[in-house]
Amino acid sequence: MTPLRTGILAAVATLVADQASKLWLLNSFDLARRGVVKVTPFFDLVLAWNIGISFGWLQNDGHAAQLALMAVKIVAVVALAIWMARSQTHLATVALGLIIGGAIGNGIDRLAYGAVVDFALFHIEIAGNTYNWYVFNLADVAIVAGVAALLYDSFVGIPAAKAP
């Protein structure tokens, strides 16, 4: 399989897994009605609507702000797709596919709901104080994994895998 096909497969698999998990949690599992669902002592399912960008930064639910975020996302996905088409390594194309699939998944949320659906919450209790990580989703996991793989590839990969 060519690197480009591998990257496209990673993007599609990421998008499908992300959207399926969100649709199931919203509609079948009905996470909104259930509230906080304790899965383990350190992991909960919670419903959070993120109207901002990564980690909830730039929270703004205004129409113009949402359009601006979508425009930036579209430009980023196009640039990443061009990079992926030019890449010669499987690692870089898979990494870019993960990022593209995650970005499209979160973009679909923004179009459908006006916010990104987040649901995974890790936390730890130390000396009676609870420390929470950001609430996130599978698209966010894919984006972070893709960025980590690109960083790794930038140190050990061939020069053709670098950004144009």
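Two strands are said to pair if DSSP finds at least two bridges between them. In this predicted model, Val37 stands opposite Leu45 in strand β2. The chain as a whole holds 5 helices and 4 strands, and 38% of its 164 residues count as buried.

**Overall organisation**

- Read from the N terminus, the elements follow the order α-α-β-β-α-α-β-β-α.
- Of the contacts between residues at least 6 apart in sequence, 65% join residues at least 24 apart.

**Strands and their pairing**

- Strand β1, residues 37-40, pairs with strand β2, residues 43-50, in the antiparallel sense over 3 bridges.
- These two strands, β1 and β2, form a hairpin, with 2 residues between them.
- Strand β2 is also joined to strand β3, residues 116-126, by 6 bridges, and β2 and β3 run antiparallel.

**Helix α4**

- Helix α4 covers residues 90-113, 24 residues in total.
- From its first C-alpha to its last, α4 reaches 34 Å, close to the 34 Å expected at 1.5 Å a residue.
- Gly114 follows α4 and has a positive phi, near 80°.

**Nonpolar cores**

- In soluble globular proteins, nonpolar side chains tend to be buried together.
- The largest nonpolar core of this chain has 13 residues, and those with the most contacts inside it are Leu80, Trp83, Leu96, Ile100 and Leu150.
- Helices α3 (63-86), α4 and α5 (138-156) are the elements that give two or more residues to this core.
- The element that gives the most to this core is α4, with 6 residues.
- When neighbours within four places in sequence are left aside, Leu96 is in contact with Leu80, Trp83, Met84 and Leu150.
- Another core, of 9 residues, lies apart from the largest one, and its members include Val37, Phe43, Phe119 and Phe136.

**Leu69 in helix α3**

- Leu69 lies in helix α3.
- Leu69 counts as buried because its relative accessibility is 17%, and buried means under 20%.
- Leu69 and Arg110 are 41 residues apart along the chain, and their C-alpha atoms are separated by 9.2 Å.

Key: Residues numbered from 1 in each chain as written. Predicted model: local features only at pLDDT ≥ 70, side-chain atom pairs only at ≥ 80, totals over all residues. Heavy atoms only, no water. Buried < 20%, exposed > 50% of the residue type's maximum accessible area, 1.4 Å probe, protein only. Contact = heavy atoms within 4.5 Å. Expected span 1.5 Å × (residues − 1). Core = buried A, V, L, I, M, F, W, Y, C linked by side-chain atoms within 4.5 Å.
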